[in-house]
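Visitor: I am new to this structure. Please show me how to read it, one feature at a time.

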Amino acid sequence: MSLRSTTIDRIDGGFFDVLVVGGGINGAVSAAALAGRGASVAMVDRGDFGAFTSQESSNLVWGGFKYL
């Protein structure tokens, strides 16, 4: 069984405080912040995490690094 199938099986029928749709930088940071505050978080993405929308549409990570 693939990792994706295993993960979907774990989420299916589960109860979560928050469902984050999209695993780009915005979704990943949101999920991490909520989980850090004790929320039960599930995150789904149509492909690999950090591979599509927020990576392609903005320079959020680059903008943060250049000011460090």
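Visitor: Where is the place of Asp 45?

Guide: Helices (H or I, at least four residues) and strands (E, at least two) are DSSP runs, numbered from the N terminus. Asp 45 lies in the loop between E2 and helix H3 (53–57). This is a predicted model, in which local features need pLDDT of at least 70 and side-chain atom pairs count only at pLDDT 80 or more, while totals for chains, interfaces and linings use all residues. Residues are numbered from 1 along each chain as its sequence is written, and side-chain values use heavy atoms, with hydrogens and water left out.

Visitor: What does the side chain of Asp 45 reach?

Guide: The side chain of Asp 45 reaches the backbone nitrogen of Gly 23 at 2.6 Å. Along the sequence Gly 23 and Asp 45 are 22 residues apart, yet their C-alpha atoms are 5.4 Å apart in space.

Visitor: Is Gly 23 buried or exposed?

Guide: Gly 23 counts as buried, because its relative accessibility is 4%. Gly 23 sits in the loop between E1 and H2. Gly 22 also has its place in the loop between E1 and H2, but Gly 22 is partly exposed, with a relative accessible area of 21%.

Visitor: In what sense do E1 and E2 pair?

Guide: Two strands pair if DSSP finds at least two bridges between them. Strand E1 (residues 18–21) and strand E2 (residues 41–44) pair in the parallel sense, over four bridges. Val 20 has Met 43 in E2 as its bridge partner. From E1 the chain crosses through helix H2 (residues 25–36) to E2, a right-handed β-α-β crossover. Right-handed means that, with the strands pointing away from the viewer, the path from the first strand over the helix to the second runs clockwise.

Visitor: What should the twelve residues of H2 span?

Guide: The expected span of a helix is 1.5 Å times one less than its number of residues. H2 should therefore span 16 Å, and its end C-alpha atoms are 16 Å apart, which agrees. After H2 comes Gly 38, with a positive phi near 95°.

How values were computed. A polar contact is a pair of N or O atoms within 3.5 Å; within protein, one must be able to donate a hydrogen and the other to accept it, and residues adjacent in sequence count only if both atoms are side-chain atoms. Buried means under 20% relative accessible area, exposed over 50%, partly exposed in between (1.4 Å probe, protein chains only).
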